[in-house]
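Please report on the structure shown here.

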Amino acid sequence: MPSRTTRASASPLFVPRKSDRRTARAARHQFAAARDQARHAARPPARPTAPGLDPELRATYPAAGRPGPASARGGSLKLPAHRMTTATASGAYPFLAEGGLGAQGIYIGRDVHAEAAFTYDPFALYGRLDGFTNPNILLAGIIGMGKSALAKSLAVRAVAFGYRIYVPCDPKGEWTVVAQELGGQTIALGPGLPGRLNPLDAPARPYGVSEEDWTSEVRKRRLLLLGSLAKTVLGRELHPMEHTALDVALDQVVAYAEANGTTPLLGEVAYLLGSPERLDAALGELSGRLGHAAEDLAHALRRLVHGDLAGMFDAPSTVAFDPSAPMLSIDLSRLGGAGDDTALVLAMTCASAWMESALADPSGGRRWVIYDEAWRVMRHVALLERMQSQWKLSRGLGIANLMVIHRLSDLLAAGDAGSRGRALAEGLLTDCSTRIIYRQEADQLASAASLLGLTGVETQAVAALTKGRGLWKVAGRSFITQHLLHPRERELFDTDARMGAIARP
């Protein structure tokens, strides 16, 4: 026989009109009891709890849901009040209720969450913003997200504020058109080009520095340059006797140049290093040990004289440095195209040494130094050492260094953990109070979050950034900023022109 389902119900109770109050009260109580019995009878039977079940695993709330004002029933939700400091609130909600960096500075674009204009000027923020200890900037982002456009836009707009722009290494030649539009200067170096730079040129003595002190400073810079070039080619640190050989050879070449009224050249230093008798005679060493120790140095510097860099740095400079020019870039697009970055690094080392003649002058005003495609030089310790020195002196020299890389893991490519190269690369990151992160690939998010100390919310934001939109970390404060380009800037900074060009038959 089919089973029957019994349904309990309760209906309003009929009470006689002339009944007394006690009878009516009892009838109402009976009706309430019957109604409760009917309501419970309609619910599904509760599952029996297995013996030995942990009480902690039992349901906290009944199947109907959490009772009370926090249950969100009826479309309203009332949560208990919770107090926290603004520092804690900014950590939990990093992009909300930000007041920005102020109106003073270079216009960048729009603060996405505040729906307001976003401006930035490292020189204006220094000394005014807590935790902003230096004007150096790190800019990282994958190809096609607009990081190069941001770097160029910063340079162009900074000129309007009276800042000068120096680009010591332009490996793709993209800054030439920008320098021309600003009325600046571009020096193209490469095989067959007429440009010549003598990295041993002595910069003009700054005002207030004695002749003796300046001579000592110029000698120190020249020795640092020669050591960097030698270490880059040899791929190792120099031995003590090799340092001595460089000292002796440089002093001999400088003394000869001063006696004849000329400028010392790299070729003369390389020639003297390859003459053991002259080295030993200059040092007074009769055993011939110094000349033998300098053999590797002579071959290392020979590359700049007779190798693939011949004719670029072994002759007097054919161009003069104009400190009043709004922008100066060194076009090295003719070098490093075969996959070997050694020639590019050597050229960049020589060019940056030549450019230091203006950077060393404290009266030269505030300047931006932009290292585009810096990931290509992260594997060379000698150049990292020169960059670190410039990073450390940025405040005293009035320089804002901007380093442009593709991904944060490029910093880890400088060497193994604990190596000199890794320490230098991480030191550059530490000395950047401003970190601008454009979108990163999924496999790069972990390293980016670890190196920059990103929160979970910030890491998710980096993964979802669109073109032209970046995460700005300025002295611990976070902003999502949409970079806005003027139509003329968009045309000037277009790096995808070749990709969009129509091939002609």
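Buried means under 20% relative accessible area, exposed means over 50%, and partly exposed lies in between. The model is predicted.

Strand 8 spans residues 399–405. Seven of its seven residues are buried, so the strand is largely enclosed by the rest of the structure. I399, N401, M403 and I405 point one way. A400, L402 and V404 point the other way. Residues of both sets are buried.

Two strands pair with strand 8. Strand 3, residues 137–140, runs parallel to strand 8 and is joined to it by four bridges. Strand 7, residues 367–371, also pairs with strand 8 in the parallel sense, over five bridges.

Which residue of strand 8 is the bridge partner of L138? That partner is M403. M403 is also the bridge partner of Y371. M403 itself is buried, and points the way that I399, N401 and I405 do.

R21 has 71% relative accessibility, so it counts as exposed. The cut-off for exposed is over 50%.

**Two loop residues with positive phi**

Most residues other than glycine have a negative phi. E115 has a positive phi of about 55 degrees, although it is not a glycine. It sits in the loop between strand 1 (106–111) and strand 2 (116–120). A475, another residue other than glycine, has a positive phi near 50 degrees. A475 belongs to the loop between strand 10 (469–474) and strand 11 (477–483).

Are these two residues buried or exposed? E115 is exposed, with a relative accessible area of 57%. A475 counts as partly exposed, at 22%.

**A residue in helix 7**

D251 is found in helix 7, residues 240–260. At 33% relative accessibility, D251 counts as partly exposed. D251 and L223 are 28 residues apart in sequence. Their C-alpha atoms are 9.9 Å apart in space.

**Accessibility at a glance**

| Residue | Relative accessibility | Class |
|---|---|---|
| R21 | 71% | exposed |
| E115 | 57% | exposed |
| D251 | 33% | partly exposed |
| A475 | 22% | partly exposed |

Methods:
Residues numbered from 1 in each chain as written. Predicted model: local features only at pLDDT ≥ 70, side-chain atom pairs only at ≥ 80, totals over all residues. Heavy atoms only, no water. Buried < 20%, exposed > 50% of the residue type's maximum accessible area, 1.4 Å probe, protein only. Pairing = 2+ DSSP bridges.
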